[in-house]
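Dear colleague,

Please find the structure below.

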Amino acid sequence: MDRISISTIIMVLVLIFLIGPFVVIFISSFGTQEFLSFPPQGFTLGWFKKVISMDMFKESMKLSVIIAILASIFASVLGIPSAYALSRYDFMGKRIVETFLTLPVIVPGMVAGLTLLRIFVMMNLFSIKTTLLIGHTIIVLPYSIRITRTALENLPTDIEEAAISLGASKLKAFFLTVLPNIKTGIIASFILMFIISFNNVPISLFLTGPGVNMLPIVMMSYMEYYYDPSIAALSTLLILLTFGIVILSQKLLGITRYM
Amino acid sequence: MAFLELRKITVGYDKKTNVLENFSLSVEEGEFISLLGASGSGKTTTLRTIAGFLPIRSGELIIRGKIYNNIPPNKRNIGIVFQNYALFPHLNVFENVAFGLKLRRMDKVEIEKKVKEALELVGLVGFEGRLPSQLSGGQQQRVAIARAIVIEPDLLLMDEPLSNLDAKLRVEMRSELRRLQKELGITTVYVTHDQAEAIALSDKIALLNDGKIEHFGTPEEVYNNPKTLYCAKFMGFQEFLKGKVVDFEGGYVVVDHEGRKFLARTSEDLTIGENVVLLARRKNFKPAKKETRNTLEGRIISRIFQGDTVLYMVDIGYMEILNVEMELEMGMLKEGQSITVCVEPKDCIAFKI
């Protein structure tokens with residue numbers, strides 16, 4: 001009895017701790033005052049209108065979404081074959097590759113950002129947008145590999161052999177029997193990668209340049225000069241969007257088992 | 001020339017060790033062959049070699065007189081039934097069975113006709129729209145068989161296809177498999193560790209041990225006249241005595257054990273003075289009445305009632321505990337009771353040690 005009530009209390013505290021800030025932001029985004037306050041006074045949807053109509057946010061939002069989608073696509077294209085190789089074959093240096101591939105998860109974003117900055121920006125190899133795309137792809141790649149690999153490991157290996165014995169080439173066997181069965185895992189990884197890329201600050205901070213603005217960076221710099229609830233309104237929109245995506249994909253695919 | 005021939009084949013998984021070495025086997029057209037053996041004996045390796053999933057290091061794999069060594073597995077036209085069925089989870093029964101036909105670019109009408117025939121053959125008409133997860137183990141098994149035979153393979157390979165089924169279904173499926181194979185006349189190689197299954201199904205059994213064939217023969221031969229000691233033990237004979245060959249008598253060998261004489265048959269060339277071990281099946285021990293030869297005395301240490309028979313564990317003060325299975329008609333004997341059993345010479349085999 002004691003243990004149950006204690007764990008219940010802890011769980012409630014954790015939930016408050018996790019959800020509390022969102023609630024605060026959500027409520028304050030409706031306030032009529034010119035500065036962010038909690039609890040807010042009055043009620044208005046004006047901040048939402050303002051945020052939606054501001055070019056600064058619109059443009060950077062567009063770029064962030066495009067980068068997030070492209071980075072997730074590239075990471076999937078690289079990640080799915082890597083995950084396949086890691087789950088199906090034993091090769092020299094497999095452990096090293098595994099460790100290497102998880103590095104972007106472990107290495108702090110600041111360090112990764114700085115390293116990428118040195119490599120790409122200093123060497124002036126690519127345009128800023130390309131550099132951002134490469135940086136984001138690297139950051140999200142491990143998630144593609146890890147989630148796809150989990151999905152692959154839950155799939156018996158002999159269904160591929162069955163397909164081959166029925167006349168399929170190895171490649172065909174993969175596309176006809178493996179891919180359809182790890183589809184859910186791939187979509188789950190895509191959603192996770194999208195969210196991670198979209199929210200990423202350090203990489204974008206380091207790799208961004210004149211005229212190129214990613215949404216989180218724009219939000220940060222906006223907050224330095226203005227303290228009105230429009231940022232809260234924007235955050236509320238983003239939280240609802242993310243929440244919507246996760247709920248929808250969970251309902252349709254049950255993706256959380258891969259995360 | 002045999003339909004399927006493995007000539008001195010050597011294969012292995014890692015670089016250092018060969019699982020099969022100079023392995024030879026030949027199968028006639030239409031035959032049902034079982035590869036029987038314990039785990040690690042190389043039976044599945046043999047199957048995978050025939051299927052083309054393992055590269056052949058040396059030797060030749062010949063089907064219909066053609067060397068298959070370098071033909072990729074997807075071009076071999078071999079049907080395979082896997083141990084855990086390996087059905088495609090995202091496809092329904094119809095699509096699973098039609099998979100190989102679609103790859104062969106057959107037209108739709110013909111595919112439908114062939115799938116229907118195959119499902120009729122395994123008794124699964126009406127299940128076309130179901131997913132594998134909505135089928136019982138036995139039904140999944142049938143789909144796997146239909147999928148393998150619908151492509152009209154030159155050869156059918158089965159890897160312990162019944163081992164995931166419950167005991168009752170396994171016996172039912174046995175006769176079904178046998179019927180199917182005879183009906184279609186497909187040359188079949190069947191892998192199993194279950195000797196009863198191999199005996200019931202096969203035209204011939206290859207008993208494997210440590211990558212080598214110990215005995216290749218008809219079920220009757222392998223069951224009654226195992227060639228080697230390993231074979232005999234695998235086929236259910238138990239060792240009960242060691243002794244010396246002292247004489248030959250009417251086709252039997254006479255073995256002396258501490259002054260007592262035992263008669264046994266043998267498939268080996270034995271000479272007088274050689275040390276041998278005697279084996280017999282547990283059900284061939286009978287209570288001794290007047291016999292003077294081939295008798296053993298012991299004490300019952302425990303018993304298991306099995307319905308029609310009783311299994312006694314008898315301590316004969318030598319080697320392992322003797323298992324004796326007796327008909328119930330003489331009533332149950334008690335634990336601790338002394339017993340004298342005998343075994344007829346024809347049920348007793350001697351092997352060199």
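Two strands pair if DSSP finds at least two bridges between them; strands (E, at least two residues) and helices (H or I, at least four) are DSSP runs, numbered from the N terminus. Strand β4 (residues 58-63) of chain B is joined to β5(B) by 2 bridges, and the two run antiparallel. I62(B) has I67(B) in β5(B) as its bridge partner.

This is a predicted model, in which local features need pLDDT of at least 70 and side-chain atom pairs count only at pLDDT 80 or more, while totals for chains, interfaces and linings use all residues. Residues are numbered from 1 along each chain as its sequence is written, chains are lettered from A and ligands numbered from 1 in the order in which they are written, and side-chain values use heavy atoms, with hydrogens and water left out.

In chain B, an open antiparallel sheet is formed by 4 strands in the order β2-β1-β4-β5. Its edge strands are β2 (20-27) and β5 (66-67), each of which pairs on one side only.

Chain B also meets chain A. The contact (heavy atoms within 4.5 Å) takes 18 residues from chain A and 20 residues from chain B. On the chain B side, 12 residues are nonpolar, 4 polar and 4 charged, where Ala, Val, Leu, Ile, Met, Phe, Trp, Tyr, Cys and Pro count as nonpolar, Asp, Glu, Lys and Arg as charged, and the others as polar. Between the chains there is 1 salt bridge (a side-chain nitrogen of Lys or Arg within 4 Å of a carboxyl oxygen of Asp or Glu). R48(B) and E161(A) form a salt bridge through their side chains, at 2.7 Å from N to O.
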